[in-house]
Amino acid sequence: MSAHESMEHAEHAEHASGENKKIALLIAVIALCLALSETLGKGAQTESIAKNVEASNLWAFFQAKSIRRTTVQTAAEQASLALPSDEAAKAVVQKQIDDWKKTAARYRSEPETGEGTEQLAERAKHAEEERELATAKYHHFELASAAFQIAIVLASATIITGMIALAWISGLLTLAGVAISLFGVFAPHMLHLAL
């Protein structure tokens, strides 16, 4: 091998080494984006599960209050049908009926504690909305993570094959992953509406 050929070979190796460093840097940036996306995704998934449990608990409490209210209303209605003729006994039964009706009304709406069936239903619906929002975020972060993972594979393949087109595709996938992540953070329902 001549000195000229050796110089060309060294220049080519140096150029390839410089390209590989750029690709390695690209992989590092993509890996950072992947880590962020995975962290955000796990947080959204945890929030979705927590809100699902909260909504389930609130609906169970709603059902219990509804059953109690129905039981008290039924007792009041049955007692009104069987009012005694004696005025003293009638007054005692009527007082009990009035107490049951007050209790039933309290079970329906209890704004001071937020534990009436009306308030429980609102709280449960709110928890369901928060669950849906967290789930939408989670799906975005999962898609973004997939884009980042594929981008890392393509960037790695660039080093092996020397095909720079793979690095460009990797970069485009990275940008797509970043965009999807941003949708997950700022507008999680936008992509779902578009699809």
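A: Start with a cut-off. A residue counts as buried under 20% relative accessible area, exposed over 50%, and partly exposed in between. Take Arg131: its relative accessibility is 19%, so Arg131 counts as buried. Keep in mind that this is a predicted model.

Q: What share of the 195 residues in the protein is buried?
A: Buried residues make up 28% of them. The accessible surface of the protein is about 12300 Å². Carbon and sulfur atoms hold 65% of that surface.

Q: How many helices and strands does the protein have?
A: Count the elements, then read their order. Here there are five helices and zero strands. From the N terminus, the order is α-α-α-α-α.

Q: Among contacts between residues at least 6 apart in sequence, what share joins residues at least 24 apart?
A: That share is 72% in this protein.

Q: What is a salt bridge?
A: Look for a side-chain nitrogen of Lys or Arg within 4 Å of a carboxyl oxygen of Asp or Glu. A search of the whole structure finds seven salt bridges.

Q: Which parts does the salt bridge of Glu130 and Lys51 tie together?
A: First find the pair: the side chains of Glu130 and Lys51 meet at 2.7 Å, N to O. Glu130 lies in helix H3 (residues 117–161) and Lys51 in helix H1 (residues 3–81), so the pair ties together parts 79 residues apart in sequence.

Q: Is Lys51 buried or exposed?
A: Lys51 has 18% relative accessibility, so Lys51 counts as buried.

Q: Which residues are linked with Lys51 in a network of salt bridges?
A: Glu54 and Glu130 are linked with Lys51 in that network.

Q: Where do Glu110 and Lys65 sit?
A: Their side chains meet in a salt bridge at 3.3 Å, N to O. Glu110 is in the loop between helix H2 (87–108) and H3, while Lys65 is in helix H1. The two are 45 residues apart, and the pair links distant parts of the chain. Now apply the cut-off. Glu110 has a relative accessible area of 8%, so Glu110 is buried. Lys65 has 4%, so Lys65 is buried too.

Q: Which residue meets Arg131 in a salt bridge?
A: Glu132 does, at 2.8 Å, N to O. Glu132 has a relative accessible area of 40%, so Glu132 is partly exposed. Arg131, at 19%, counts as buried.

Conventions:
Residues are numbered from 1 along each chain as its sequence is written. This is a predicted model: local features need pLDDT of at least 70, side-chain atom pairs count only at pLDDT 80 or more; totals for chains, interfaces and linings use all residues. Side-chain values use heavy atoms; hydrogens and water are left out. Helices (H or I, at least four residues) and strands (E, at least two) are DSSP runs, numbered from the N terminus. Buried means under 20% relative accessible area, exposed over 50%, partly exposed in between (1.4 Å probe, protein chains only). Contact means heavy atoms within 4.5 Å. Accessible areas come from the Shrake-Rupley method with a 1.4 Å probe; for residues, only the protein chains shown count as cover.
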